[in-house]
Amino acid sequence: MALITCENISLAYENNVVLSDLSFSVHTGDYLCIVGENGSGKSTLIKALLSFKRPLCGSIRFGDGLRQNEIGYLPQQTGAQKDFPASVWEVVQSGCMNQSGFFPFYSAAQRRLARESLEKLDLWDLRRRSYRELSGGQQQRALLARALCATRKLLLLDEPVAGLDPIATHEMYRLIQQLNQQGITVIMVSHDIQSAVQYASHILHLHNRPLFFGKTADYLKSSVAKQFLGGEAHD
């Protein structure tokens, strides 16, 4: 059974329809990259998957035991977030809040989960540092660790390497790929098609409508890839 199934959905942004008649599914272990130009509906789709936005029509269904509070989300970072006055430990541990319910304190299991997430992303030694003092790449790793605290099944990542230098970008892609190889399903929004086809198992290409959905190997052979990657379709 699929983790997420979208069937014939249409979505609007500021009363303008940005996506129509979109159908796709994501299964456990997939690494789906949603690509397309600005305004193609990528971030609007992520908000719909998070139930922040309702489709105009069609349906979004969750399966394989996935619950709404078991999705880890890394949004696009704003300038205000970069200057957030909290420690790395506090930022990462806040990813457990969805699991806390009405309890105001974190449990021992949640604190252990935060530690595991920090260690997995090479941040344990920085846990007492102020988040605002970190480099851009370190901040994104902290936010990825925060998202990881919310899930063991599915990460939704909205432009996770935006604004990072090439070294930090490469490290971020490496960590995301590593998490996927450990069994976490990844849905990532990106405008970087070249990197998407390098790392993702599946591609959803949007341009105000679905242009392609399928395995990356098939995408590379498609006319859509030829148009947007340049040259001939890849074998």
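**Strands, a helix and some aromatic rings**

Modeller: Five bridges tie strand β1 (residues 4-13) to β4, and the two run antiparallel. Keep in mind that this is a predicted model.

Biologist: What makes β1 and β4 a pair?

Modeller: A pair needs at least two bridges between the strands, and β1 and β4 have five. One of the residues involved is Cys-6, whose bridge partner in β4 is Ile-60.

Biologist: Which strands make up the open sheet, and in what order?

Modeller: There are three, in the order β2-β1-β4, with antiparallel pairing. The twist from one strand to the next averages 30°.

Biologist: Why are β2 and β4 called edge strands?

Modeller: Each of them, β2 (16-26) and β4, pairs on one side only.

Biologist: Where does α1 lie?

Modeller: Helix α1 lies across β1, β2 and β4, and runs at about 125° to β1.

Biologist: Why is α1 described as largely enclosed by the rest of the structure?

Modeller: Buried means under 20% relative accessible area. Six of the eight residues of α1 (residues 42-49) are buried, so the helix is largely enclosed. Among them are Leu-45, Ile-46 and Leu-49. Just after α1, Ser-51 has a positive phi of about 65°.

Biologist: How many aromatic pairs are there in the whole structure?

Modeller: A search finds five.

Biologist: Why is the pair of Phe-52 and Tyr-73 called edge-to-face?

Modeller: Two rings pair if their centres lie within 6.5 Å, and planes over 60 degrees apart count as edge-to-face. The centres of Phe-52 and Tyr-73 are 6.2 Å apart and their planes are at 75°, so the pair is edge-to-face. This pair links distant parts of the chain: Phe-52 sits in the loop between α1 and β4 (57-62), Tyr-73 in strand β5 (residues 71-74), 21 residues apart.

Biologist: How do you know whether Phe-52 is buried or exposed?

Modeller: Exposed means over 50% relative accessible area. Phe-52 has 58%, so Phe-52 is exposed.

Biologist: What makes Trp-89 and Trp-124 an edge-to-face pair?

Modeller: Their rings are 6.1 Å apart centre to centre, with 80° between the planes. Trp-89 is in helix α3 (residues 88-93) and Trp-124 in the loop between α5 (108-120) and α6 (136-149), 35 residues apart. Trp-89 is partly exposed, at a relative accessible area of 22%.

Biologist: Which residues lie over the face of Trp-124?

Modeller: Arg-115 does, at 4.1 Å from the ring centre, and Arg-127 does, at 3.9 Å. The distance cut-off is within 6 Å of the ring centre, and 4.1 Å for Arg-115 and 3.9 Å for Arg-127 meet it.

Notes
Residues numbered from 1 in each chain as written. Predicted model: local features only at pLDDT ≥ 70, side-chain atom pairs only at ≥ 80, totals over all residues. Heavy atoms only, no water. Buried < 20%, exposed > 50% of the residue type's maximum accessible area, 1.4 Å probe, protein only. Helix = DSSP H or I, 4+ residues; strand = E, 2+ residues; numbered from the N terminus. Phe/Tyr/Trp six-rings, centres within 6.5 Å; stacked < 30°, edge-to-face > 60°. Lys NZ or Arg CZ within 6 Å of the ring centre and 35° of its normal. Axes fitted to C-alpha atoms, helices over the stretch in contact; angles between N-to-C directions. Contact = heavy atoms within 4.5 Å.
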